[in-house]
Amino acid sequence: MKISKKVAVYVVLIIATIFFLFPIYMLVITSMKSLQEVNTTSSWSFPTHFDFSGFVTAWNGISQGFVNSFEFTIPAVIFSILLGSLGGFALTKLKFKGSNVIFMFLLFGMFLSYQVVLIPLVKFMAALGLYGNIWSLIITNTAYGIPITTLIFRNFYSSIPTSLIEASQVDGANTFQIYSRIIIPLSIPGIVVASIWQFTNIWNNFLFGLILGSMPNIRPVTVMLNNLNGAMMAQWNTLMAGALITAIPTLIVYLVAGKYFVKGLLGGAVKG
Amino acid sequence: MKKRTLVSIAFIVPSVIIVGIFVYAFIAWTFAVSLTNWNTLLPNWSFAGLKNYIYLFTQDMRFHIDLINNFIFLPFFVIGTMVVGFFLATLLNSGVKFESFFRTVFLLPMAISLVVSGVIWIWLYDPTNGALASLFEIFHLPAINWLGSMTFALPGIIIATIWQYTGFTTSIYLAGLRGIPQEVIEAAKLDGAHGLRLYWNIIIPMVQSSTVTAFVLMVQLSLQMFDIVWVMTQGGPAYATDMPAVYMFIAAFKDNFVARGAAIAMVIFALTLLVVIPYLFTVGKITEEEA
């Protein structure tokens, strides 16, 4: 009885594993086939010979987007982390009247349906003269990252003992010194969690790129992949190669640092 | 005012200003646009009252279809991700070997863009050579043109989104299950609670906060579902998978019905608030108790 139950658990877990991995398997094997080989009934089978022509075609189509995505994702990750860390510090260690109200004010942004800001966003960027400029994507992704990074750092700093800060206040350190000399060095784990979460979210974002990335010189890779999808109908090897190229940076981050990714996910979800 | 308060303000003010503009002012802006006649290429701020909303709810067939699609999508997606997520979390929490491997696999889709997932699923659903067509052929079932079919396009998108987000609910429930003290389970077992009764009477009530969190997040995702629909079907065939968020995008950015797009956005926003506001109040209470 006990053994059969155990077997059943593993059978279900393996079925779930197949369900979750199968699309990824198809993504990888299809990307390495020739178009001829893709167009057979044996789409499941491993490539009989490796053909990377799909990668060449896909890279020609989306390489500019790949570079663009790095160009706005990295600054936006840095800025949103800096703001989140400053805010989280103020909310936990400098508790002031109304700090909870401010926290709720910022937290609300996490539950925003982006549709409700899209029209003003485009007009605002145009008014600033930034429409079509990479800074429109940097600023936008920074702004909508603030709620989650503030939450992550607020939760993280809650676990740093206040006595540590009080001791340095006695020693005569001012708030900026406390922040830069004590809090920042202690923040490394929080920074890792927040940067992995922010990098994944900003890289994977589609909607902001769709409305702000009108020019190819700033268009994100996700938008270029969608355009490739429209242009390369049924060229499955090319499309899968493009999809794989688009997914590679976040997949690597996830496989290397999945533990921290989950922390970011739950930092925004459970602790509230 | 104390110096310390001034410093705190200096630390938090940039975030407050940015969120104030990009969230609150923008919402107000969208609401203002939704009350105008700006259904033209050039801005037109003349006041239209609730005209755009009245049009959506009384005359606009497309919007009616979108709401129906969204309310079909929502329960399947929310219940699907939550039930499967809870079930998988329970299995992962039962002391299995390779637990971290399974967990990594289940959460993998969350690490990739919905655009990537959308493109992969289009290929899986391809009626000529796609993986599902091949699978159906093995069982001598007729091939389905999933995304080209009025009947199967929406279920096709539901399956793809459940694939994407189930790892999220699994992680939320796993954290909840890990938070139950072992003594509570032992005590319940000593009292004779086993199997389903143990789950129904002890475990499910104890992961209630995970359930609330997962529910709020999944409902919110449903109401603003855009990326994967846009990539896979653009709302087609013939509006079979059209959603309010898709219509909003087309109205505001393709067809120059800016005010109508703003009104749709406000409807999506209002629906989201129905679940988010109660949630934020409970979160607010918890943080006050902590403080």
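Me: In this predicted model, how do helix H12 (residues 221-231) of chain A and helix H5 (residues 114-125) of chain B pack, in angle and in distance between axes?
Reply: The two helices pack at an angle of about 20°, and their axes are 9 Å apart.

Me: Why is H12(A) called roughly parallel to H5(B)?
Reply: Angles under 35 degrees count as roughly parallel, and the angle here is about 20°, so H12(A) is roughly parallel to H5(B). As for handedness, H12(A) passes H5(B) in a left-handed crossing.

Me: Which residues of H12(A) and H5(B) meet, and what classes make up that contact?
Reply: From H12(A), Thr222(A), Leu225(A), Asn226(A) and Asn229(A) meet Val115(B), Val116(B) and Val119(B) of H5(B). Sorted by class, this contact of H12(A) with H5(B) holds four nonpolar and three polar residues, with no charged ones.

Me: How many residues does each chain bring to the contact, and which helix of chain A gives the most?
Reply: Chain A contributes 79 residues and chain B contributes 78 residues; on the side of chain A that touches chain B, helix H13 (residues 236-269) of chain A gives the most, with 15 residues. The residues on that side of chain A divide into 57 nonpolar and 22 polar, with no charged residues.

Me: What makes Pro278(B) count as buried or exposed?
Reply: A residue is exposed if 12 or fewer other C-beta atoms lie within 10 Å of its own; Pro278(B) has 12 C-beta neighbours inside 10 Å and therefore counts as exposed. Pro278(B) lies in helix H13 (residues 258-290) of chain B, and its C-alpha atom is separated by 9.6 Å from that of Val216(B), 62 residues apart along the chain.

Methods:
Residues are numbered from 1 along each chain as its sequence is written. Chains are lettered from A and ligands numbered from 1 in the order in which they are written. This is a predicted model: local features need pLDDT of at least 70, side-chain atom pairs count only at pLDDT 80 or more; totals for chains, interfaces and linings use all residues. Axes are lines fitted to C-alpha atoms, for helices over the stretch in contact, and angles run from 0 to 180 degrees between N-to-C directions. Helices (H or I, at least four residues) and strands (E, at least two) are DSSP runs, numbered from the N terminus. Angles under 35 degrees count as roughly parallel, over 145 as roughly antiparallel, 65 to 115 as roughly perpendicular and the rest as oblique. A crossing is left-handed if the near helix is turned anticlockwise from the far one by less than a right angle, and right-handed if clockwise. Two residues are in contact if their C-beta atoms, placed from the backbone, lie within 7 Å. Ala, Val, Leu, Ile, Met, Phe, Trp, Tyr, Cys and Pro count as nonpolar, Asp, Glu, Lys and Arg as charged, and the others, Gly among them, as polar. A residue is buried if 20 or more other C-beta atoms lie within 10 Å of its own, exposed if 12 or fewer, and partly exposed in between; C-beta atoms are placed from the backbone.
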